[in-house]
Every structure is written in structure tokens, then in C-alpha cells.
Amino acid sequence: MKISHNILLTTLLLAGWGAAAAESADQQALIKRGEYLAVAADCGACHRQTSEDGAPFAGGYAIDSPMGRIIASNITPSKQYGIGNYSEQQFADALRKGVAADGSNLYPAMPYTAYQGMTDQDVHALYSYFMHGVKPVESAPSARTELSFPFNIRQIMWGWNLLYRNDKPFARQAELSEQLNRGKYLVDVLAHCSTCHTPRNLMMAEDSSRYLSGSPLGGWYAPNITPDNSGIGDWSQGDIAAYLKTGHLAGKAQAAGPMAEAVEHSFRYLGDDDLNAIAAWMKHIPAINTPQASRSAAPPAVDINQVVSGQGDQASLADSHSTHGAELYNGACASCHGLEGQGTRDNFYPSLTHNSAVSAATAQNLVMTIVDGIHRKGSDSDVGMPAFGQQLNDAQIAAVTQYVRRHFAGIDQNISAEQVTTLRNGGEAPFIVRYINYLIAAGVIVAIIILLLIVRMRRK
């Protein structure tokens, strides 16, 4: 009898341990899935510290917006400085509605207009990861978001949200394949591609009628990525997947600026199935034609050796008065990209004669690449191009940009120093930023008129 009792206790204990082990395995799998979703949603690209060896999700990175610099917050499970006190519902509201736990509105630099389509299952997995898979960082970012009036009043986002936040969950489309539905979810929700590549209206909300057809992004330009010839119409599905994973496509494009960050922090870690799903959806969306640069029949034949002898002569950079494009190219660029812009055979130094940044409708990305350089980690290599923003003044950057576009893409377009200055400073300010004071004045006048009409009607 005693033996049977011991066997029963042992059986119960083993069953309990087995259930606990199974529960622990399920929890670990959920956390692992949440980690993958955090990568797919590119959370780490913004909510990071400024140093490369900084703690994950600790915040402090400055996001340049047309309204000013927005400092990313600490989203580790720190109860004092992060989101450790958030309930899952509060976490979901921050993701989907742009509302923090204290009720304050987040700025759309947090892409909640895309994340609003996130499924309940994915929100739950993300919450589990951030609460149980991320190490808390017990400090706040040293900088704070300080925007000018009236953008510093977060309550104004209430009206913007009323107009442009739809709170609709992602809906699977029965007529689409499993791969296309997955690709649409990744592109529209997790990867939030439209927040950069879709043009904005006067109120800085996405213009869905021009979905993914290209848009200014600070000094950079997020290009048309629809399957039109003015976009990526000549890219195969494999080309798109390879570019997302590596950050480059020989003879076509190299990721720089914000796109390089997306490759480094997100796309290179995605599974091949997801990358191909994204590519399949990109090939499926409607093609939108956008203006292209006007080219001459062929780039003029120029032997740069007749202008300056030697290759990669850095002495030309020391002359701050030189604005001769050929001289500047020879001193700053030719040692890597070649005298004729041919690059290297292994494409480590890309060709400039078949390069989307050089031949684009706008010179923005070429200018910003010269200013900021390229710093990118892809799945196959780390790429670095030096920044010349401190070595070359705006007139020199304009001269070398104009030279490169003319002689390697056949685009004879004047680039001024003033244009370069504007791009360095974040690009042309959008309508609402340029005219906010007038809009406020008009709103006050309208409010006064309405008030006077109400008073008059009450007297009658």
C-alpha cells in the first residue's frame, strides 16, 4: 500500500514537472517569436542608443523629422525609465493608436499608423518578448524631445489621429495567396514601408492613392518601389529579396541612409520565406509612373587624366576654393569608383554608370551619400564609404554631384550650393511646417468669427 502511494506521488510530481517544462518551452517559443517580430518591425533601429555598443532598446537615438528632432524612448522593461509598468492593453494602444500609458499622444515618427494593423497574436508575442526577453536599462536617454510651438503640444495629435488613424486591423484577402497575404502584412504593417516610400499630403499623412511611389525623407529620397519602369519594374522577385538581405544589387542600387539602417537592423535577419513574400507583394501592387531625369543620348566621353594626372589625388580636397567637378571627382572618388565610374569587378566599389542614385530623377540621394557616406551591414558584407560632408563645402559637393550625373548618367542638371545646403539641413520643409503660423492665425480668426456669430444669435 505504501509502495502504491509513493508511485502515485512520483507520478504526480513527474506530471507536474512535465507540465511546467512544457509551459516554459511554450513561453520561450513565444518570446523567440516576439524577438523575430521586433526585428521585422525594425524596433531596434530607432529605440537604440547613439553608440554602436549601446544597450538594445534603451533609446536616445535622434529621429530627424520636419518638426524637429524626436528622441526615441527607452522601451526596455524598466519600471522607472521604460515600459515595465505597461499592461498588455497599454502596450497594444501605444503600438496601434500612438497613445502612451499616461494617456499622452506619441508622434507619428512612431509608425503606429502602420502598426495599427498588427494582429492580436503578434502584439501578445511582442509584449512577451519586451517584458521577459529584453534586459531592463535603468536610465533615461540623456536628450529629450523638444519641438517648437505648436508641435510641442502633444494634444494636437488628437485632431490628426481623428483624421488619419483608422484603427482597422489587417484583413486577409481571400483572393490572394498565402504568400501574397503574408507579403502585404509585412510590407504594410510590420516593415511599415509606406511610412517612407509613400508621398505625404499637406497635413503630412500618407497619400494612399500614390502608394509606394516615392517620397522625400529628410535630405534623402525614398524612391518609387512600385513595379513601374520608373520604379523597380526591371527588378525580378529574386532581385528584390537579394537587395533586402544584402543591401545592394549589382549594376542597380546600393542601400544608403535610412534604407541602409533598415537592412542592417531588420531585413538582413528575416527568413527567406518572408523576404520572398515581401518581393512577391512588391511585384503584385499597381505600378505608378513617376517622372524620370531627362538624359542626353549618351554621357560625354571624357578622359579625366587630361584634367588632373594621377588617380585618387587627395591634394585636390585640400583646395577649398576648387569647384571643378572633374578635379574633385579625381581626388575624392576615382580611387574607388574608377576614372570612368566603372567601379570594381566584384562590385564592392559599385559602378556609377549603372547606379540608381546617380541616374535618379532627383540628385538628393547622391548628394546625401557624398555628405554622409554609407555605413551598412548586410548579410554578406559590411560596407563603408567615407563621408565628405566635412571635407567638401556645399559648392564643391554641388560641383562633384553635377559632374557625376552628367558624365556617368548623361543627366545635364544644374545643382546649386543652396540646394545642397537645404538637403544637409533636412530638405525642404513641408507645407504644414512652413505655414503653421499662418494656419494658427487663420484658426484663431475663424474661432473668433464663430464666437461672435454665436453671441449675436443668442442676443437675437
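Predicted model: local features only at pLDDT ≥ 70, side-chain atom pairs only at ≥ 80, totals over all residues.

User: Ok, at what angle do H7 and H11 pack?
Analyst: Helix H7 (residues 178-190) and helix H11 (residues 272-284) pack at about 90°, with their axes 7 Å apart. Helices here are DSSP runs of H or I with at least four residues, strands are E runs of at least two, and both are numbered from the N terminus. Axes are lines fitted to C-alpha atoms, for helices over the stretch in contact, and angles run from 0 to 180 degrees between N-to-C directions.

User: And what do you call that arrangement?
Analyst: H7 and H11 are roughly perpendicular. Angles under 35 degrees count as roughly parallel, over 145 as roughly antiparallel, 65 to 115 as roughly perpendicular and the rest as oblique.

User: Switching topic: how many salt bridges are there?
Analyst: The count comes to 15. A salt bridge is a side-chain nitrogen of Lys or Arg within 4 Å of a carboxyl oxygen of Asp or Glu.

User: Which residue does Glu-35 pair with?
Analyst: Glu-35 forms a salt bridge with Lys-32, their closest N and O atoms being 3.5 Å apart. The two are three residues apart in helix H1 (residues 2-40), so about one helical turn separates them.

User: Is Lys-32 buried or exposed?
Analyst: Lys-32 is exposed, at 57% relative accessible area, and Glu-35 is partly exposed at 31%. Buried means under 20%, exposed over 50%, and partly exposed in between (1.4 Å probe, protein chains only).

User: What does Asp-272 pair with?
Analyst: Asp-272 meets Lys-245 in a salt bridge, 3.7 Å from N to O. That pair links distant parts of the chain, with Asp-272 in helix H11 and Lys-245 in helix H9, 27 residues apart.

User: What about Glu-264, how far is the nearest opposite charge?
Analyst: Glu-264 is buried yet has no salt bridge, and the nearest side chain of opposite charge, Lys-377, is 4.6 Å away. For charges, Lys and Arg count as positive and Asp and Glu as negative, while His and the chain ends are not counted.

User: Last one: what happens just after H3?
Analyst: Gly-98 takes a positive phi of about 70° there.

Notes:
Residues numbered from 1 in each chain as written. Heavy atoms only, no water.
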